[in-house]
Amino acid sequence: MNRDGVGAEQARLLHEVVRRAGIEGKELWFHYFTLGGHAGEIEVEAYLHDCLSLPGLQRDLLAHAANELISRQPPLLAPYAADLLKPPGRPAEG
């Protein structure tokens, strides 16, 4: 895969990940910007929709920002029966 292909695939996969994680574009852009990203909010949105390419370093910084935001989310876990049966405000007994 050539460099342009990598950039397009990276944009597609990043867009899918942030969509599935429920991360808004503005939230992603702001975190990316605080990490030192140079692209503007509109440029990031265009990149996520494969309308604009970004240099590799900026793409990786966006991926890093997304991964940090995702890692802050509570894990998605299936409940156990005890979790569903416990009275509100009381921890489940092991």
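Helices here are DSSP runs of H or I with at least four residues, strands are E runs of at least two, and both are numbered from the N terminus. What you're looking at is a predicted model, where local features need pLDDT of at least 70, side-chain atom pairs count only at pLDDT 80 or more, and totals for chains, interfaces and linings use all residues. Residues are numbered from 1 along each chain as its sequence is written, and side-chain values use heavy atoms, with hydrogens and water left out.

Let's begin with the overall layout. The chain has five helices and zero strands, so from the N terminus the elements read α-α-α-α-α. Of its 94 residues, 26% are buried, where buried means under 20% relative accessible area, exposed means over 50%, and partly exposed covers what lies in between (1.4 Å probe, protein chains only).

Now for the inside. In soluble globular proteins, nonpolar side chains tend to be buried together. A nonpolar core, as used here, is a set of buried Ala, Val, Leu, Ile, Met, Phe, Trp, Tyr and Cys residues joined through side-chain atoms within 4.5 Å. The largest one has 17 residues, and Leu14, Leu28, Tyr32, Val44, Tyr47 and Leu62 touch the most other members. Helices α1 (3-21), α2, α3 and α4 (56-72) each supply at least two residues of this core, and α4 gives the most, with five.

Which residues of α4 are buried? They are Gln58, Arg59, Leu61, Leu62, Ala65, Ala66 and Leu69. Looking down the axis of α4, these buried residues fall within an arc of 165 degrees, so they line one face of the helix; the arc is that of the directions from the helix axis to the C-beta atoms. Over on the other side of α4, Leu57 and Ser71 are exposed. The length of α4 checks out too: its 17 residues at 1.5 Å a residue should span 24 Å, and the end C-alpha atoms are 25 Å apart, which agrees. That expected span is 1.5 Å times one less than the number of residues.

Helix α3 does something along these lines with its own buried residues, Val44, Tyr47 and Leu48. They cover an arc of only 95 degrees around the axis, which puts them on the same side of α3. Leaving aside neighbours within four places in sequence, Tyr47 is in contact with Gly7, Gln10, Ala11, Leu14, Leu52, Leu54, Arg59 and Leu62.

Most residues other than glycine have a negative phi. Asp50 is not a glycine, yet its phi is positive, at about 55 degrees. Asp50 is found in the loop between α3 and α4 and is exposed, with a relative accessible area of 53%.

Another loop, between α2 (25-34) and α3 (41-48), holds Gly37. At 6% relative accessibility, Gly37 counts as buried. Not counting residues up to four places away in sequence, Gly37 touches Tyr32, Gln58 and Leu61. Gly37 and Arg59 are 22 residues apart in sequence and 9.2 Å apart in space, C-alpha to C-alpha.

Finally, the aromatics. Rings of Phe, Tyr and Trp (its six-membered ring) pair if their centres lie within 6.5 Å; planes under 30 degrees apart count as stacked, over 60 as edge-to-face and the rest as tilted. That rule gives two aromatic pairs. Trp29 and Phe33 form a stacked one, at 5.2 Å centre to centre with 25 degrees between the planes. Because they are four residues apart in helix α2, Trp29 and Phe33 are separated by about one helical turn. Trp29 counts as buried at 17% relative accessibility, whereas Phe33 is partly exposed at 43%. Ring pairs link Trp29, Phe30 and Phe33 into a cluster.

Notes: Contact means heavy atoms within 4.5 Å.
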